[in-house]
Amino acid sequence: MEGDIKKIKNFPEEVTEDGIKVYGETSYENQMAVMSHYLHNSGGNVSNERKKEIVDAIKAFLLRKKARQNLDKDDFSDEELLKVAESPLQFGLFDEFFKVPFPAPQNPKFTFIDLFAGIGGFRIALQNLGGKCVYSSEFDAKAQETYLANFGEMPFGDITKESTKSYIPEHFDILCGGFPCQAFSLAGRRLGFNDETRGTLFFEIEAILRKHQPKAFFLENVKGLAIHDKGRTLKTILEHLNDAGYDVVPPQILNAMDYGVPQHRERIYIIGFRKDLKINIDSFHYPEPTTTGDKRPKFRDVMEKQEVSVKYYLSTAYMETLIRHKARHEAAGHGFGYKIIDIDGVANAIVVGGMGRECNLLIDKRLTNFTPITHIKGEVNRDGIRKMTPREWARLQGFPDDFKIVVADASAYKQFGNAVAVPAIQATAEKELQMLNLI
């Protein structure tokens, strides 16, 4: 533990003089996760061994010069240090963990854990319904950074590690998880459970369900899961969930554009209730669409209100490349290639990798300064063709405008492309919680 304490003294710099990083698997994010989870759940039951670990981590934090200055002391005794470490919130030393856009509700109606948390789409949805997140886990370092900025909590890292799972509270109401979907995606190689890293992460969910037996779960994945391996993959998942002690509602594919966002995004939702609760799953109904026809939002509704940076506009050279690429695929009878959306319609699904951004180009002729601010070939096109901005992607997923984007554009696109559509998640979770009489 001594080595860990030495590391955490350097919080909150991302990279210290010793080369220690805050975020990611090569970091000391475990101590950050321990501290932030404890601070947000300080009233929970903590074993003596775990409490000592927490106090030691906070003591190390306090040894930094910055913390001493916050206490208006040049130094303090071991007794004073221990007193502060055991009751950190009383001394206001960790306000940065609470001055965030999305704090937990003061009087929660239920508790949940956020697995494969990404940037917290599930968390926003369930907090909106009155829930408190008591544990989060996310492997990606940049996603951890965004999550911490918005919720004041550092997610734990690799969920396959027993040490990571050991921090999951014994009791909670709902398990939420958008488990990795690449192994089942229509756009990928579709290896499913033969994918040794991504596909098998479902079994981490199963193990947690078996051990902790929450009242229910809510899982999300790409719609390709429904047909992967002629339906056998989904059948296997449902069998394992049943064996873990859950009555599973027949999965359903919902489209985000039916729930308040102008994005054609179909995802499969899997809901289950613990068997001993004897909930009649035949009486569970997925939410009816809330926006259809003329009431359906248009991309124009989430479009940036002001002129956007020239960096989002395509160069003439790149446009020529895209045109040739599309022509080759059309000649081969494929439908691949760039797409320009109608801003008075809905966007295509925002996705990571490949031509994810190029499948959602739009025409925006408000640009007044065509001077490039990045290195490009050719010049900025004069037809107004541009990529969407990260904020527009955030809105397409239903993230509020006060959601902080704290990473570079490339990471932001990845994060929102991998996120869940918040309004569709919230509408479905509300139905589930009503069945459990939790709201």
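# Helices, strands and aromatic pairs in a predicted model

Visitor: Which exposed residues sit on the face of α10 turned away from its buried side?
Guide: The face of helix α10 turned away from its buried side carries two exposed residues, K235 and D243, where buried means under 20% relative accessible area, exposed over 50%, and partly exposed in between (1.4 Å probe, protein chains only). This is a predicted model, with residues numbered from 1 along each chain as its sequence is written, in which local features need pLDDT of at least 70, side-chain atom pairs count only at pLDDT 80 or more, and totals for chains, interfaces and linings use all residues. Side-chain values use heavy atoms, with hydrogens and water left out. Helices (H or I, at least four residues) and strands (E, at least two) are DSSP runs numbered from the N terminus, and the exposed residues asked for in α10 are K235 and D243.

Visitor: How far apart are the end C-alpha atoms of α10?
Guide: Helix α10 covers residues 232–243, which is 12 residues, and the expected span of a helix is 1.5 Å times one less than its number of residues. That span should be 16 Å, and the model agrees, because the end C-alpha atoms of α10 are 16 Å apart.

Visitor: Which residues of α10 are buried, and what do they pack against?
Guide: The buried residues of α10 are T233, L234, I237 and L241. They cover an arc of only 95° around the axis, which puts them on the same side of α10, the arc being that of the directions from the helix axis to the C-beta atoms. Contact here means heavy atoms within 4.5 Å, and the elements against which the buried residues of α10 pack are α9 (202–212), β4 (216–222), β5 (246–248) and β7 (266–274).

Visitor: Which residues of α9 are buried, and which residue with a positive phi follows α9?
Guide: In α9 the buried residues are F202, E204, I205, E206, I208, L209 and H212. These pack against β1, α8 (162–165), β3, β4, α10 and β5. Where α9 is followed by a residue of positive phi, near 50°, that residue is Q213.

Visitor: In which sense do β1 and β2 pair, and what is the handedness of the crossover between them?
Guide: Two strands pair if DSSP finds at least two bridges between them, and β1 (residues 110–115) pairs with β2 over five bridges in the parallel sense. The chain passes from β1 through helix α6 (residues 121–128) to β2; a crossover is right-handed if, with the strands pointing away from the viewer, the path from the first strand over the helix to the second runs clockwise. By that criterion this β-α-β crossover is right-handed.

Visitor: How many residues of β1 and of β2 are buried?
Guide: Strand β1 is largely enclosed by the rest of the structure, because five of its six residues are buried. Strand β2 (residues 131–136) is mostly covered, the buried count being six of six.

Visitor: Which residue of β3 is the bridge partner of F112?
Guide: Strand β3 (residues 174–177) runs parallel to β1 and is joined to it by four bridges. Within β3, the bridge partner of F112 is I174.

Visitor: How many aromatic pairs does a search of the whole structure find?
Guide: Rings of Phe, Tyr and Trp (its six-membered ring) pair if their centres lie within 6.5 Å, and planes under 30 degrees apart count as stacked, over 60 as edge-to-face and the rest as tilted. On that basis, the number of aromatic pairs in the whole structure is 17.

Visitor: What is the distance between the ring centres of F122 and F218?
Guide: The planes of F122 and F218 stand at 90°, so the pair is edge-to-face, with centres 5.1 Å apart. The pair links distant parts of the chain, since F122 in helix α6 and F218 in strand β4 are 96 residues apart. F122 is buried at 4% relative accessible area, and F218 at 0%. The distance between the two ring centres is 5.1 Å.

Visitor: Which residues are in contact with K414, leaving aside its neighbours within four places in sequence?
Guide: K414 lies in helix α14 and counts as partly exposed at 40% relative accessibility. K414 and A143 are 271 residues apart in sequence and 9.2 Å apart in space, C-alpha to C-alpha. Leaving aside its neighbours within four places in sequence, K414 is in contact with D140 and V352.
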